[in-house]
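Here is my note on this model, as numbered points. Please read it with the structure open.

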Amino acid sequence: MYIFEPISTEDILRRLSGNCRSRRLEKNMSQKTLSETSGVPLSTIQRFEHIGEISLAGLVKIVRVLGYAEDMMELIGKPKYTSLDEMVKINKNKSRKRGTDERV
């Protein structure tokens, strides 16, 4: 399997949790208030901000309260191409319902 991004999973989690923490603080919101408003347990918010660990549902709840639901919905919303050949292949496969592991 080829990983397209040279950025590690840990780096992505750290950046995402840091961004959420920054947005929370900009709104002058405590972790407790975010917990009460989002329905995400306080311990989960603390763990997320400390080590980046959270479920997707928990993240969505936090993002909604912080006002970034539309941005979240656009995440991986458009195809990215690394070559003209890949663009042609992706556009050809847009209506596919299932993937196949092609052997190269």
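1. S35 sits in helix α2; helices here are DSSP runs of H or I of at least four residues, strands runs of E of at least two, numbered from the N terminus. S35 is buried, with a relative accessible area of 12%. Buried means under 20% relative accessible area, exposed over 50%, and partly exposed in between, with a 1.4 Å probe and protein chains only. A polar atom of the S35 side chain lies 3.1 Å from the backbone nitrogen of L42. That is within the polar-contact limit: a pair of N or O atoms within 3.5 Å, where within protein one must be able to donate a hydrogen and the other to accept it, and residues adjacent in sequence count only if both atoms are side-chain atoms. Leaving out residues up to four places away in sequence, S35 touches V40, P41, L42 and I45. Contact means heavy atoms within 4.5 Å.

2. On the basis of the model. This is a predicted model, in which local features need pLDDT of at least 70 and side-chain atom pairs count only at pLDDT 80 or more, while totals for chains, interfaces and linings use all residues. Residues are numbered from 1 along each chain as its sequence is written, and side-chain values use heavy atoms, with hydrogens and water left out. pLDDT is the predictor's confidence in each residue, from 0 to 100. The protein has a mean pLDDT of 88, and 88% of its residues reach 70 or more. Among the elements, α2 has the highest mean pLDDT (98) and α6 the lowest (77).

3. V40 is one of the residues that S35 touches. Its own contacts, not counting residues up to four places away in sequence, are S35, I45, G58, K61 and I62. V40 also belongs to the largest nonpolar core. A nonpolar core is a set of buried Ala, Val, Leu, Ile, Met, Phe, Trp, Tyr and Cys residues joined through side-chain atoms within 4.5 Å. The largest share, 4 residues, comes from α4.

4. Which residues of α4 are buried? In this helix (residues 56-66), they are G58, L59, I62, V63 and L66. They lie on the same side of α4, because they cover an arc of only 135° around the axis. The arc is taken from the directions from the helix axis to the C-beta atoms. An α-helix has 3.6 residues a turn, so residues three or four places apart point the same way. The buried residues of α4 pack against α1 (9-26), α2 (31-38), α3 (42-51) and α5 (69-74). After α4 comes G67, with a positive phi near 90°.

5. Salt bridges. The rule asks for a side-chain nitrogen of Lys or Arg within 4 Å of a carboxyl oxygen of Asp or Glu. The count comes to 6. One of these pairs R14 with D11, at 2.9 Å from N to O. Both residues lie in helix α1, 3 residues apart, about one turn of the helix. R14 is exposed at 53% relative accessibility. D11 is partly exposed at 36%.

6. E49 deserves a look. E49 forms a salt bridge with R24, with the closest N and O atoms 2.7 Å apart. This pair links distant parts of the chain, E49 in helix α3 and R24 in helix α1, 25 residues apart. Both E49 and R24 are buried. Salt bridges with shared partners join R21, R24 and E49 into one network. In the E49 and R21 bridge, the closest N and O atoms are 3.8 Å apart. Here too the link is between distant parts of the chain, with R21 in helix α1 and E49 in helix α3, 28 residues apart. E49 has a relative accessible area of 15%, whereas R21 is partly exposed at 40%.

7. Please check two backbone angles. Most residues other than glycine have a negative phi. N28 is not a glycine, yet its phi is positive, about 55°. N28 is in the loop between α1 and α2 and is exposed at 73% relative accessibility. I76 also has a positive phi, near 50°. I76 is in the loop between α5 and α6 (84-92) and is exposed, with a relative accessible area of 81%.
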